[in-house]
Amino acid sequence: MTKGIAVVAITHRGVETALKIQKALDICGLVSTVYTSKKYSQPGVTVIDTNLADFIEGTYSKTNALVAVMATGITIRAVAPLLKSKLTDPPVIGVDATGKFVISLLSGHLGGANDLAQTIAAGIGAIPVITTASDALGKQSADELARTMHLAIQNPDSLVAVNSTIVNDGHITVVLVGDIKIPLEALSCFDIKKAQTSTEAIKVIETHYDAGIIITKEPIAGTKFSKPLTILRAKRIVVGLGARKETPADDIVVAVETALEQIHVPLQRVTAFATVDIKRTSQPMLDAVEKLGAPLEFLSADALRSVTCDDLSPDSAMVQQKIGVGGVCERAALLIAGNNSKLILKKVKLKGTTVAVAEAE
């Protein structure tokens, strides 16, 4: 998360709970800011200089998540006029002022509110309250699968019918098209099939199942099918790398695996690795990427310098002096991910290796 989480409290007790939440988020590597009115301000808390409704309206679309430490009714009235779509609304979490309950209110699956509620509850010793039907029944919805596997939903209008089939114990399948790579353990609650083409995948679902999910690399033409059918397209996920000359291959592998675990991206979902072209002769880098199992792309310093993004980490003077550009891994990941790419993990330093991850649809 790059924009951070807004934790908003409106009472003295609520601010105390909000600061506990912030500490729990810090431990998980999640950036957050605690907000309250001037009346309850204290060191480390940002003062809200307007009324609550106006503050939430101005913050809602600019934050990765909204954690409201207040009565649920207040939160619902504040966010209700701002709701647009489950595909774009940020996650909203409700927490009572005493920190006893943590409630996933909005964008539980795609936005990740359910997971965030679990994280906060564990961190402050609260009870997580998750009410989405599939989670309550111990099942995985189509949009939850999309979020956890970093897949784009081509036809979101299908979600209600497909998820209804899931929670009502309908006969449903996930069909993997072509050479798409999804860890099978992530699909354990589904009947898994494979198909060479999207036409074949559609036929499998329409002939043998009540509904289905197709996971593919390419868009599928058409919007009308005889059975409820959600199409999920694999996003491009690129890992940018930098490493010291003496860093062994095994350390690079561990660094990549650790970084991916931080953002819950399965290694199988990585499309490519990317680094600067002076690493073409780095045998440890080559050996590490071979073990990791995706192609390695090389970029010139000139190409890396061309990347402009507000989200880039500060330049390193040492890297600038050595190769002529202030940073490698973030720029490399963004370039290879392509148009409209964004960083889902900013640069981290692990075992003599720098790692960043970019994603694009």
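Predicted model: local features only at pLDDT ≥ 70, side-chain atom pairs only at ≥ 80, totals over all residues.
Start with the second largest pocket. About 790 Å³ of space lies inside it. Its lining counts 33 residues. Nearest the centre of this pocket are Gly242, Ala243, Arg244, Met318 and Val319. By class, the lining holds twelve nonpolar, eleven polar and ten charged residues.

Several elements build that lining. Those that each supply at least two residues include strand 13 (236-243), strand 14 (272-276) and helix 12 (317-323). Helix 13 (329-337), strand 16 (342-350) and strand 17 (353-360) also each give at least two. Helix 12 contributes the most, with four residues.

Now turn to helix 1 (residues 12-27) and helix 4 (residues 113-124). Their axes come within 9 Å and cross at roughly 110°. Angles of 65 to 115 degrees count as roughly perpendicular, so helix 1 and helix 4 are roughly perpendicular to each other. Helix 1 brings Lys20, Ile21, Ala24 and Leu25 to the contact. Helix 4 answers with Leu116, Ile120, Gly123 and Ile124. Six of the residues in this contact are nonpolar, one is polar and one is charged.

The other pair is helix 9 (residues 249-262) and helix 10 (residues 283-292). Here the axes come within 8 Å and cross at roughly 50°. That angle makes helix 9 oblique to helix 10. The crossing of helix 9 past helix 10 is right-handed. On the helix 9 side, the contact uses Ala249, Asp250, Ile252, Val253, Val256 and Glu257. They meet Pro284, Met285, Asp287, Ala288, Lys291 and Leu292 of helix 10. This contact has eight nonpolar and four charged residues, and no polar ones.

Terms used. Residues numbered from 1 in each chain as written. Heavy atoms only, no water. 1 Å grid on protein atoms, 1.4 Å probe; cavity = no way out; pocket = protein on both sides within 12 Å on 5 of 7 lines; lining within 4 Å. Points joined across faces, edges and corners; volume = space filled by probe spheres on them. Nonpolar A, V, L, I, M, F, W, Y, C, P; charged D, E, K, R; others polar. Axes fitted to C-alpha atoms, helices over the stretch in contact; angles between N-to-C directions. Parallel < 35°, antiparallel > 145°, perpendicular 65-115°, else oblique. Contact = heavy atoms within 4.5 Å. Left-handed = near helix turned anticlockwise from the far one by under 90°.
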